[in-house]
Amino acid sequence: MGEPGKTPMQIDLRRHLREKEIDRDLTRLICEIADASKYIVNSIRTGDLGVAGTSNLYGEEQLALDVLSDRILRKRLTYSGVVNTIVSEETDEIIKVDSNGSGRFAVAYDPLDGSSLVDVNLAVGTIVSIFEGDDIMQPGRKQIAALYVLYGPRTTLVYTSGDGVYEFNMNHLMEYTLTQKVSLLAESGGIYSPGGQRNLYSKGVEALVSKLEEEGSKLRYSGGLVPDFNQILLKGKGMFLYPHLKGKPQGKLRLLYELNPMAFIMEQAGGAASNGKIPILDVQPESIDQTEPLFIGCRKEVELAERLIAELG
Ligand code: F6P
């Protein structure tokens, strides 16, 4: 507790990273991404809501905001001087960006996850996965850092560099200040956030959801991975799932841009993340557009998902 009447001193992102002795290049990279997010938040608030007239690798129509957010982030990463390779959910290629050979990191990112929710004014986010070296096609366990920015009523940045999970919020000066070290997720319970259509669930996933409901879990689902995940992480309980579906055995969410960074953050917060069979972080990516089913949150619930899927499919 600080002195009564005095505002506690705010620790900004750069200072926090310095105090944690995060190396200079990684600090630079995280701060570049944080800076880029300030431009993205402005574009979301005031930008054009129309379509860009192009589609991404998955055949999804790109919104002007997707394209703009991608450009903002790509530019910052390219000129940061510490990145050698980038791959974005919005492009279909691994891009080498290191002009002078000094880049140490490979970065996979989704510049504006859930962008189709902006026109109905729901929350969206940016998700980033960081590897040392230039190989992006590694299992997520090799990540050295991961972060997301959530653009909601407030702008929240959550990151891990493998030593706990930290939450920052943007203040009136558009600086990220430390809110908390995220404490360990409960072993189980409370809320569940189920993606995909229920009539397409397998027997195992149907049994899982029924069990969660019987146990009194409350449904909390917005349709945006970042806000749905953030709710579970910061409330410290529950599970998000986007399972394998009939006709879509690999689910919908992307391993490189969505699952790996979220799984790294969740494990660091004491939770678990699985594709229903093995931990997400142990999946060897075969292609940049690979999707995997996702069960992420409290350990007991993720274990229950694995057990029911092994028994019932
Ligand atoms: O991958 C983008 C995304 O919008 C996620 O943020 C979200 O969890 C999911 O897709 C929702 O997909 P759908 O509405 O197609 O089930």
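**Gln-231**

I started with Gln-231, which comes out partly exposed at a relative accessible area of 25% (buried is under 20%, exposed over 50%, partly exposed in between, with a 1.4 Å probe and protein chains only). Before going on, I noted that this is a predicted model, where local features need pLDDT of at least 70, side-chain atom pairs count only at pLDDT 80 or more, and totals for chains, interfaces and linings use all residues. Numbering runs from 1 along each chain as its sequence is written, and side-chain values use heavy atoms, with hydrogens and water left out.

Gln-231 sits in helix α5, residues 225-235 (helices are DSSP runs of H or I with at least four residues, strands are E runs of at least two, both numbered from the N terminus). I skipped its neighbours within four places in sequence and found Gln-231 in contact with Ile-191, Arg-220 and Gly-236 (contact means heavy atoms within 4.5 Å). I also checked Glu-213, 18 residues away along the chain: its C-alpha is 18 Å from that of Gln-231.

**Cores**

Next I looked for nonpolar cores (sets of buried Ala, Val, Leu, Ile, Met, Phe, Trp, Tyr and Cys joined through side-chain atoms within 4.5 Å). The largest has 57 residues, and Tyr-148, Phe-229 and Leu-233 have the most contacts inside it. Helix α6, residues 255-268, gives the most to this core, with nine residues. A second, separate core holds 41 residues, including Val-41, Val-124, Ile-130 and Met-170.

I then followed Phe-229: leaving out residues up to four places away in sequence, Phe-229 touches Tyr-148, Met-262, Ile-265, Met-266 and Ile-296.

**Helix pairs**

Leu-225, Val-226, Phe-229, Ile-232 and Leu-233 in α5 meet Glu-258, Met-262, Ile-265 and Met-266 in α6. By class I got eight nonpolar, no polar and one charged (Ala, Val, Leu, Ile, Met, Phe, Trp, Tyr, Cys and Pro are nonpolar; Asp, Glu, Lys and Arg charged; the others, Gly among them, polar).

Then α2 (24-46) on α3 (64-78): the angle is about 155° and the axes are 9 Å apart, so the two are roughly antiparallel.

Last pair, α4 (203-214) and α7 (299-312): the axes come within 8 Å and cross at roughly 140°, so I logged α4 and α7 as oblique. Their crossing is right-handed. The residues of this contact divide into nine nonpolar, one polar and three charged.

**Positive phi**

I finished with the backbone. Most residues other than glycine have a negative phi. Glu-21 is not a glycine, yet has a positive phi of about 60°. Glu-21 lies in the loop between α1 (13-19) and α2, and is exposed at 71% relative accessibility. Asn-121, also not a glycine, has a positive phi of about 65°. I placed Asn-121 in the loop between β5 (105-113) and β6 (124-132), and noted that Asn-121 is exposed at 69% relative accessibility.

Conventions:
Axes are lines fitted to C-alpha atoms, for helices over the stretch in contact, and angles run from 0 to 180 degrees between N-to-C directions. Angles under 35 degrees count as roughly parallel, over 145 as roughly antiparallel, 65 to 115 as roughly perpendicular and the rest as oblique. A crossing is left-handed if the near helix is turned anticlockwise from the far one by less than a right angle, and right-handed if clockwise.
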